[in-house]
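Me: I'd like to go through a few spots in this model with you. Can we take them one at a time?

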Amino acid sequence: GCFVVLRDREIIAYSASLILSEEKAFKTHTWSTITAGGFASTHDPDGEYLYGYETCVIPGERGLRIGQRIYNARKGLVNFYQLKGIAFAGRIPNYHKKKKVVSSVEEYIEKVKNKELSDSTLGFHLRNGFEVVGVLKDYLPEDKESLGYAVHLKWDNPEYKAVFTGES
């Protein structure tokens with residue numbers, strides 16, 4: 001589940017994912033625990049969800065829909081492997097600027113959802129069909145802009161068909 005975007009043989013974007021069980025993907029976690037410190041040794045080939053744990057686009061290359069293409073590729077991968085969907089924790093980089101005008105991180109997320117506040121990252125995820133599952137506190141403590149918080153998000157694969165085994 002790793003993608004690299006090249007321009008003139010230079011890496012301009014990167015994305016990493018792994019497969020997890022539904023239980024693990026939606027349980028409270030931190031970036032470090034869900035990815036085993038970034039080594040992705042928590043990957044479970046029998047899992048039901050693709051968990052995206054990194055997406056980076058070089059600042060000078062932003063605004064060219066590269067992130068959109070990466071997310072489309074992830075959705076294609078989910079369809080290929082017949083997974084239930086995508087789960088991940090998204091940053092909220094404007095939260096530190098708006099903390100004084102909202103009573104909680106949950107209110108901040110609601111205001112972004114209602115377009116009363118702007119957050120480029122969360123707004124991007126919402127425009128791409130991801131829904132908020134909840135909030136993960138201390139997801140990435142060193143993320144000062146998000147104040148350590150992340151928005152737990154998911155996308156349900158509309159092409160997923162559960163396979164039932166056993167007698168009916």
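Me: Let's start with Asn157: buried or exposed?
Reply: Bearing in mind that this is a predicted model, Asn157 has a relative accessibility of 6% and therefore counts as buried, since the cut-off for buried is under 20%.

Me: Where is Asn157 placed?
Reply: Asn157 lies in the segment that follows strand E6, which spans residues 150-156.

Me: And what does the side chain of Asn157 reach?
Reply: The side chain of Asn157 reaches the backbone nitrogen of Glu159, at 2.9 Å. Setting aside residues up to four places away in sequence, Asn157 also touches Val78, Asn79, Leu83, Lys84 and Gly85.

Me: Switching to helix H5, which residues are buried there?
Reply: In H5, which runs over residues 105-113, the buried residues are Val105, Tyr108, Ile109 and Val112. They cover an arc of only 95° around the axis, so they sit on the same side of H5.

Me: What do the buried residues of H5 pack against?
Reply: Those buried residues of H5 pack against helix H4 (95-98), helix H6 (120-127), strand E5 (131-136) and E6, the strand after which Asn157 is placed.

Me: Last one, where is Ala36 found, and what is it in contact with?
Reply: Ala36 is in the loop between helix H2 (31-35) and strand E3 (49-57), and, leaving aside neighbours within four places in sequence, Ala36 is in contact with Ser41 and Thr42. With a relative accessible area of 28%, Ala36 is partly exposed.

How values were computed
Residues are numbered from 1 along each chain as its sequence is written. This is a predicted model: local features need pLDDT of at least 70, side-chain atom pairs count only at pLDDT 80 or more; totals for chains, interfaces and linings use all residues. Side-chain values use heavy atoms; hydrogens and water are left out. Helices (H or I, at least four residues) and strands (E, at least two) are DSSP runs, numbered from the N terminus. Buried means under 20% relative accessible area, exposed over 50%, partly exposed in between (1.4 Å probe, protein chains only). A polar contact is a pair of N or O atoms within 3.5 Å; within protein, one must be able to donate a hydrogen and the other to accept it, and residues adjacent in sequence count only if both atoms are side-chain atoms. Contact means heavy atoms within 4.5 Å. The arc is that of the directions from the helix axis to the C-beta atoms.
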